[in-house]
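Good morning, and thank you for coming.

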Amino acid sequence: MAADWNHCAERGICNMQTEVGTEEQDIKLVMAGHVDHGKSTIIGRLLADTDSLPEGKLEQVKENCRKNSKPFEYAFLLDALKDEQSQGITIDSARVFFETDYRKYIILDAPGHIEFLKNMVTGAAKAEAALLVIDAEAGVQENSRRHGYMLSMLGIDQIAVLVNKMDLVDYDQEVYEVIKEEYSNFLQDIDIEPETFVPVSGFEGDNLIDLSPNMNWYQGETVLELLESFENEKLPADKSFRMPVQDVYKFTKGGDDRRIVAGTIESGSIEVGDEIAFYPSGKKSAVRSIEGFNEPEHESVGVGKATGFTLEEQIYITRGEVATKNGEMKPENGSRLRANLFWLGEEPLKKDKTYDLKLNTARSRARLEEIKRTIDASDLSQRQDKDKVERHDVAEVVLDLDEAISFDLAGELTNTSRFVLVDDYEIAGGGIIQEALKDEHSWVREKVMLRNYKWESSRISRERRAEKYSQQPTMVLITGEEDVGKKPTAKALEQQLFNDGKVVYFLGIGNVLYGVDADIKHAEEDHKEEHLRRLAEVSHIMLDAGTILIVTAIEIRQQDLELIETTVDSRQIETVWLGDNITTDVSYDLHIPSFEDEQESAHRIKQLLQDRGIIFKPW
Amino acid sequence: MNHLDRLENKSIHILREAYSEFDNLSMLWSVGKDSTVMLWLARKAFFGHVPIPLVHIDTGYMIPEMIEHRDKLAREWELEMIYGINEEALEEDRTFPEGDASHLECCENMKTEALKRTLDGSWPRYRLNHNTGEYEIDDNKEPYTGVIVGGRADEEGSRSKERYFSARDENNDWHVSQQPPEFWSQYKTDFAPGTHVRIHPILDWTEVDIWEYIQRENIPVVSLYFDRGEGERYRSLGCYPCTDTVESTASNVEEVVEELKSGKFSDIAERDGRAQDEEDGGGLESLRREGYM
């Protein structure tokens, strides 16, 4: 059977008469609906009736069926895998190519079996329009509704409904009208307005290509006319510019000294000279050049393009930030958000577990903070008492992230408002952000973004400084209980590194407290956060200067560290806990349990810096 | 943005995701048209550079022009070129038709096994030394945890089931019905120790797309694809004992495109000339489950 599929695919393509580089578009459609409602049969029949099969193939499949004494089904024409035929169900979204005089179609056949909802999602997410198939005899079923719901969450807004197997209900208009009424109401509840409903029979071919004499009561569009009425997805060309940074490339081979910020433009466009701000850091620069290989020079570049550009200033940015254009709508930045999500994981989404959230190229650890409500997508029943989101459920939740990311809201820009959650190596759910929520460090982050935005860059890049000093700028944060030898260790470490020729500085907390912090009362607990913020800001300047900075502080808690990390890049911080008793929840990089000798403790921290590649390891 | 632009942008995006997310990444290059287009897309993705090692599996029965073409481009484009080969099976004559193996056994020995052992680093990898122009045993024996492959969904039934990022378990096995979902340009970039991920940047391309892109970008492909005056050419390249030429007078890219779109081949599948597809009855799926490309 594999060969049959193969020929259909080739044939569809090969008949296409296009010049290289024409604007002609194909369109991707998905067939969704409950298992056994006849999606594959409709596709098979469409292939046969639009003459999209190679000569003799239909006869060959029929002959095979006769030999194996099983009734012929049009669905066999596209069952590409042995598995599928033996089980009689589609397990993945196979692709079928076919064409009409009007244009070329790629049809994704989404499995209707609940076990394969993740495959349905995979197929449907690529589609620009959907045909939802409902069996006239069986009526609206669980997955008729669930698939409808998933289509709306995936953002597919062109949906038409085919009421199939009309031959089995004697082409009864009443049956059709009842299903149309019931399903229209459902779609209305989830804010979908269907393009149309068509009564069909895939098996008999009624209303697919021509209006059927068996249903004179229906005078609307045929399926073929319906397909031709679907429009290509419109890329958000005139919206605010967003380019999630995939990476910053510098390939020095052959003397190439370009430093290229690379990514795919999700919306809007930019020109050479435009002011660009990167979020969540808030750093800014201007576009110096738009880069490409084997293509003419461009002065501007727009949505959909996998591109890259160089900047006027040597600012340090990394994968996960989003490039935006000054003067346009700013993205949201934060580490708490409210979202609607669907869950596909075997294990439910729970509160006592951490997940990885991926949004465009950004990534952060994430926890489920609150479930506002769960919705059973098969009947829209809602619950507010569940403490976990089960497989195939839809839910409104609050997520708490370890790191702030940049994003947009669902109503504003679609592509940059959608994320997935990874559970145990697998993508287990998808969500759409509805609201940015305040988190405890929002006030610090806002200051940091403004500081970065106003930052005056020097001509010496961070990389060049690191090369020159043979070290990565790093904050070594030594913490622990009182009187465990934090300061002696810090000073010994400073001395050892200094003697090795490193650019290193010990910053006593008191040195900041009475000078930089002179305007705030240091005794009061409620000023602790501001003290920490200022310490972190001073540290940030020292790190920008390329130093290894050694700081000591008593019993740093995780929330204190997180505040510091809002100001100083967490990858630039190494935390050391000194002493037997660990009295806070801070996550540290090194623990030195018993303090015997300051030189020994300092040496162990030096080894950590070597292992992390911050300073050179001699052998 | 036209059809080829859309395909190109998607493929470049996928290549860049793979490059950023995998530490031990390699790209399989068979020197055929598909993986050569993929290599070209990598040059576009990385602005003229190819920062990913290219792995070629030498089956011992390669058409000599392919090896010449491989080394020529490797030098011109400064590629990190690596090849692997099943020396044992060659010596022991476990091949077809010269040795005592069937078609499928030969494929398993010379392609599947050689690939598996080259990727996991348990067999020698030969790396091109650009200073001497010779291949030397590579010091790097780290397993590749991300492998970029040039499979196309329209080639053959089982390939239409592939994801862009597709997990393989420790035995290289592919579990077709257990695949994770893939949507919103988010891919499987997390993997358990011992497993690896195959990445398919040109999954959505068809044979005609490949040729139209070769034409548009002026990509150098091996001359075996063109008629050189004898009225025949290769439509698909593989080992010489098992890959037949087709009758055709298409002698350049334009003529190949024309022939595929409206000529004699518009109705015949590309892999028609490949023997291993027929023998198994079920297409390539059983081979693929064990790690065949």
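Of the contacts in chain B with a separation of 6 or more, what percentage do residues 24 or more positions apart account for? They account for 72%, where a contact means that two C-beta atoms, placed from the backbone, lie within 7 Å.

A word on conventions. This is a predicted model, in which local features need pLDDT of at least 70 and side-chain atom pairs count only at pLDDT 80 or more, while totals for chains, interfaces and linings use all residues. Residues are numbered from 1 along each chain as its sequence is written, chains are lettered from A, and ligands are numbered from 1, in the order in which they are written.

Let us begin with chain B. It contains nine helices and 10 strands; these are DSSP runs numbered from the N terminus, helices being H or I with at least four residues and strands being E with at least two. Of its 293 residues, 52% count as buried. Buried means that 20 or more other C-beta atoms lie within 10 Å of the residue's own, exposed means 12 or fewer, and partly exposed lies in between, again with C-beta atoms placed from the backbone.

Chain B has two parts, domain 1 (3–205) and domain 2 (207–277), with bounds from an automatic or database domain assignment. Taken over C-alpha atoms, the centres of these domains of chain B are 22 Å apart. Their contact takes 25 residues from domain 1 of chain B and 24 residues from domain 2 of chain B. On the domain 1 side, H1 (3–21), H2 (33–45), H3 (64–76) and H5 (103–119) of chain B each supply at least two residues, and the largest share, five residues, comes from H2(B). That side divides into 15 nonpolar, five polar and five charged residues. Here Ala, Val, Leu, Ile, Met, Phe, Trp, Tyr, Cys and Pro count as nonpolar, Asp, Glu, Lys and Arg as charged, and the others, Gly among them, as polar.

Pro241(B) lies in the loop between strand S9 (232–233) and strand S10 (246–247) of chain B. Is Pro241(B) buried or partly exposed? Pro241(B) is partly exposed, because 15 other C-beta atoms lie within 10 Å. Not counting residues up to four places away in sequence, Pro241(B) touches Tyr61(B), Phe96(B) and Pro97(B).

Finally, chain A is assigned domain 1 (2–229), domain 2 (242–325), domain 3 (335–439) and domain 4 (467–611). In chain A, 12 residues of domain 1 are in contact with 11 residues of domain 3. Thank you for your attention.
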